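I opened the model and kept a notebook as I went. My entries follow.

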Amino acid sequence: MPSDSDRLLIAQIRQGDGRAWESLIERYEGRLLAFVDRRLHDRAASEDVVQETFIGFLNSLPNFDENRELQTYLFTIASHKLTDQLRRLGRHPIKSISDSPSDLLNQQYDHHKGVSSMARSQERRDLESVAIEHCLGQMIRQWQEKSDYIRLKVMELLWIKGWANRDVAKFLKISEQQVANFRFAAVKKLSEHVRGAGLSAEVFPELQQAPGE
Amino acid sequence: MSVTREQLDAYIDDALSETETAQVEQALRSSDALRRQLRSLMQERDRGDHSVGAIWRRRRLSCPTREQLGNFVLQVLDAEVEEYITFHIRTIGCAFCQANLADLQTRQQEPKKSQERRRRYFESSAGYLAARRK
């Protein structure tokens, strides 16, 4: 959820308030610069990408959903601008594994196209994302409030890093059964929520897996 | 540890830490199977498939707040929260939190440089803001 202060800032910027825009730049430029420079290692080029990010934000402001967290939105724009810059430099990961224009990698990866080829509609995909974000976000907040950090770590390693149960258990020095139990409970709750929203849980690979896999 | 599907997904988004990016690139250069897996993942993304892990990562559902990261720098957090943030930044390698942390640390060291940058950003974008008023 966006903070009240970010909401106010956005409202003021929408009115064309220069001081509010200055405040937004002051608040976010440093973290965006660090995020971009981590990949570019060129301070001047990174500053250009951050500049493009801010301009991109202003251009996309009419479509900005105020329920989205501003920082996450800015990082998303910065990621796209960074990818564009890396591709221009021939340093994007996908580009760097094959420079052959006929290579399948180059044919497949282009985030500016592909809309017509999507099997499911963007609208449906957005609904699925919102359902997961809502339910999982709530679960994570509950774990944090209860200081249940071991469960949070388990699920983060399983779903963000894609580690196997046994590797998670070994790393966190707990039993594989405990890892499997945490996974089972999370899969069950998320699947129920997604289905309750009238959506299919089967589109998510994590929710298709049998516990223990 | 081998490269996972989730790492590849984050790799396509340029969301891995520097170290992990280098590891994935090295693995991709030496493994046909991994390159095939990457192609397959890109096709899935093109079809509109997604995953719980990718939504979690992109929406930053477990990221500490900026205030918590500030307190982390000052080392005034409860031990268990501090330990979790260390895990999130180092083991998970969250690029967004790493950036926030780097910013908090450099803000104290180079206040003047930050001010100059901010002025440049403002001057280069103010025209777009003015256009919004019309």
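**Entry 1: chain A overall**

What share of the contacts in chain A with a separation of 6 or more comes from residues 24 or more positions apart? I looked it up: the share is 51%. Two residues are in contact if their C-beta atoms, placed from the backbone, lie within 7 Å.

I noted the ground rules next. This is a predicted model, where local features need pLDDT of at least 70 and side-chain atom pairs count only at pLDDT 80 or more, while totals for chains, interfaces and linings use all residues. Residues are numbered from 1 along each chain as its sequence is written, and chains are lettered from A and ligands numbered from 1 in the order in which they are written.

I then listed the elements. Chain A has 11 helices and 0 strands. Helices (H or I, at least four residues) and strands (E, at least two) are DSSP runs, numbered from the N terminus. I checked burial too. Of the 213 residues in chain A, 32% count as buried. A residue is buried if 20 or more other C-beta atoms lie within 10 Å of its own, exposed if 12 or fewer, and partly exposed in between; the C-beta atoms are placed from the backbone.

**Entry 2: α2 and α3 of chain A**

I picked helix α2 (residues 18–40) and helix α3 (residues 43–60) of chain A. They pack at an angle of about 130 degrees, and their axes are 9 Å apart. Axes are lines fitted to C-alpha atoms, for helices over the stretch in contact, and angles run from 0 to 180 degrees between N-to-C directions. The angle makes α2(A) oblique to α3(A). The cut-offs are under 35 degrees for roughly parallel, over 145 for roughly antiparallel, 65 to 115 for roughly perpendicular, and oblique for the rest.

The crossing of α2(A) and α3(A) is right-handed. A crossing is right-handed if the near helix is turned clockwise from the far one by less than a right angle, and left-handed if anticlockwise.

Which residues meet here, in α2(A) and α3(A)? From α2(A) I found A:I25, A:E29, A:L32, A:L33, A:V36, A:D37 and A:L40. They meet A:R43, A:A45, A:S46, A:E47, A:V49, A:V50, A:T53 and A:F54 in α3(A). By class, this contact of α2(A) with α3(A) has 9 nonpolar, 2 polar and 4 charged residues. Ala, Val, Leu, Ile, Met, Phe, Trp, Tyr, Cys and Pro count as nonpolar, Asp, Glu, Lys and Arg as charged, and the others, Gly among them, as polar.

I also checked the loop between α2 and α3 of chain A, where A:H41 is found. Phi of A:H41 is near 55 degrees, a positive value in a residue other than glycine. Most residues other than glycine have a negative phi. A:H41 is exposed, with 9 other C-beta atoms within 10 Å.

**Entry 3: the core**

I looked for the largest nonpolar core and found 73 residues in it. Such a core is a set of buried Ala, Val, Leu, Ile, Met, Phe, Trp, Tyr and Cys residues joined through C-beta atoms within 7 Å. The largest share of this core, 9 residues, comes from α2(A). A:F35 and A:A78 have the most contacts inside the core. Leaving aside neighbours within four places in sequence, A:A78 is in contact with A:L32, A:F35, A:V36, A:V49, A:V50 and A:T53.

**Entry 4: α8 and α9 of chain A**

I moved on to α8 (residues 149–159) and α9 (residues 165–172) of chain A. Their axes come within 10 Å and cross at roughly 140 degrees. That makes α8(A) oblique to α9(A). The crossing is right-handed. A:I150, A:K153, A:V154, A:L157 and A:L158 in α8(A) meet A:V168, A:F171 and A:L172 in α9(A). This contact has 7 nonpolar, no polar and 1 charged residues.

**Entry 5: chain B**

How many residues of chain B are in contact with chain A? I found 60 residues of chain B in contact with 63 residues of chain A. The largest share of chain B's side, 13 residues, comes from α8(B). By class, that side has 23 nonpolar, 15 polar and 22 charged residues.

Last, I checked α1(B), where 7 of the 8 residues are buried. Just after α1(B), B:D14 takes a positive phi of about 55 degrees. Is B:D14 buried or exposed? B:D14 is buried, with 21 other C-beta atoms within 10 Å.
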